[in-house]
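Let's take a walk through this model together, beginning at the ligand and then moving on to the aromatic rings. Keep the viewer open as you read.

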Amino acid sequence: MLITLQNTCKAYGAQLVAVSKTKPNAQISELYDQGQRVFGENRVQELVEKHETLPKDIQWHMIGHLQKNKVKYIAPFIHLIHSVDNLSLLQSIDKEAKKNDRVISVLLQMKIATEESKYGTNREALRNLVIESFHLENIKICGLMGMATFTDDYEQVRSEFKFLKASFDEVKKQSLQDDDDFAVVSMGMSGDYKIALEEGSTMIRVGSLLFGAR
Ligand SMILES: *Cc1c(COP(=O)(O)O)cnc(C)c1O
């Protein structure tokens with residue numbers, strides 16, 4: 001499955017994030033040995049433990065909801081944070097990045113699903129976050145992330161992905177036209193990655209298809 005997914009991503013010019021949350025190091029090492037270097041986790045403590053015990057050339061992505069007071073634990077090494085949806089979190093990441101003398105790449109998470117429980121900003125708040133980010137020197141905004149509604153209605157999923165891509169294009173055009181770093185649309189999981197790629201995803205986050213059900 002890994003090779004198939006990697007080839008699909010290559011065909012679309014997208015990147016594959018292997019979502020290894022809840023899975024043991026042995027299973028991660030198997031994919032690592034087949035060449036996968038990008039892994040995603042959604043809990044800080046698990047992420048830190050895995051970073052400490054697995055090879056250092058793994059690029060770790062934080063894909064889950066992040067609390068401000070936990071940023072300091074991942075700031076020294078995190079490659080990309082997908083889940084930034086408010087200014088105070090963005091400011092905390094900037095502060096901790098500064099302490100570590102680095103620039104941390106982040107994605108702004110948009111709420112595209114109809115479900116109540118999903119995190120993320122709306123379009124209005126997104127614009128403000130982008131503008132505020134211009135004051136923060138140790139942050140790099142690399143794009144947007146979203147999770148579609150968990151449903152069998154593929155037209156709904158498709159329209160949610162279209163909305164995220166359109167929001168990305170709008171921000172790009174209005175505020176970040178000349179910023180080549182702003183290039184990531186992180187959307188698509190095990191159940192909907194094909195639709196996501198068709199709708200312009202540049203980064204899919206796949207867990208259960210690679211590692212088995214959780
Ligand atoms: C768990 C998770 C995924 C992967 O989900 P699968 O359905 O197992 O592929 C992707 N993105 C986020 C934010 C997740 O929490």
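In this predicted model, a backbone N or O atom of Gly207 lies 2.8 Å from an oxygen atom of the ligand. An N or O atom in the side chain of Arg214 is 2.9 Å from an oxygen atom of the ligand, while an N or O atom in the side chain of Arg205 is 2.9 Å from a nitrogen atom of the ligand. How much of the ligand does the protein bury? Taken alone, the ligand exposes 390 Å², and 90% of that is buried by the protein.

Now let your view widen to the whole shell. The residues that surround the ligand are Val19, Lys21, Ile63, Met145, Met147, Met189, Ser190, Arg205, Val206, Gly207, Ser208 and Arg214.

From here we can turn to the aromatic rings. Two numbers are handy for this part: a pair of aromatic rings is described by the distance of the centres and the angle of the planes. Searching the whole structure turns up two aromatic pairs. One of them is formed by Phe39 and Trp60, with 6.0 Å from centre to centre and 40 degrees between the planes, and it is tilted. Phe39 sits in strand E2 (residues 38-41) and Trp60 in strand E3 (residues 59-62), so the pair ties together parts that are 21 residues apart in sequence. Phe39 and Trp60 are both buried.

Phe168 and Phe182 also form an aromatic pair, and theirs is stacked: 4.7 Å centre to centre, with 5 degrees between the planes. Which parts of the chain does this pair link? Phe168 belongs to helix H7 (residues 154-175), and Phe182 to the loop between H7 and strand E7 (184-186); the two are 14 residues apart, and the pair links distant parts of the chain. Both Phe168 and Phe182 are buried.

Arg37 lies over the face of Tyr32, at 3.6 Å from the ring centre.

One last stop is Thr151, which you will find in the loop between strand E6 (139-146) and H7. With a relative accessible area of 26%, Thr151 is partly exposed, because that value falls between the 20% limit for buried and the 50% limit for exposed. Thr151 and Asp192 are 41 residues apart along the chain, and their C-alpha atoms are separated by 9.8 Å.

How values were computed. Residues numbered from 1 in each chain as written. Predicted model: local features only at pLDDT ≥ 70, side-chain atom pairs only at ≥ 80, totals over all residues. Heavy atoms only, no water. Phe/Tyr/Trp six-rings, centres within 6.5 Å; stacked < 30°, edge-to-face > 60°. Helix = DSSP H or I, 4+ residues; strand = E, 2+ residues; numbered from the N terminus. Buried < 20%, exposed > 50% of the residue type's maximum accessible area, 1.4 Å probe, protein only. Lys NZ or Arg CZ within 6 Å of the ring centre and 35° of its normal. Near = heavy atom within 4 Å. Polar contact = N/O pair within 3.5 Å; in protein donor to acceptor, adjacent residues only side chain to side chain. Areas by Shrake-Rupley, 256 points an atom, 1.4 Å probe, with all protein chains shown as cover.
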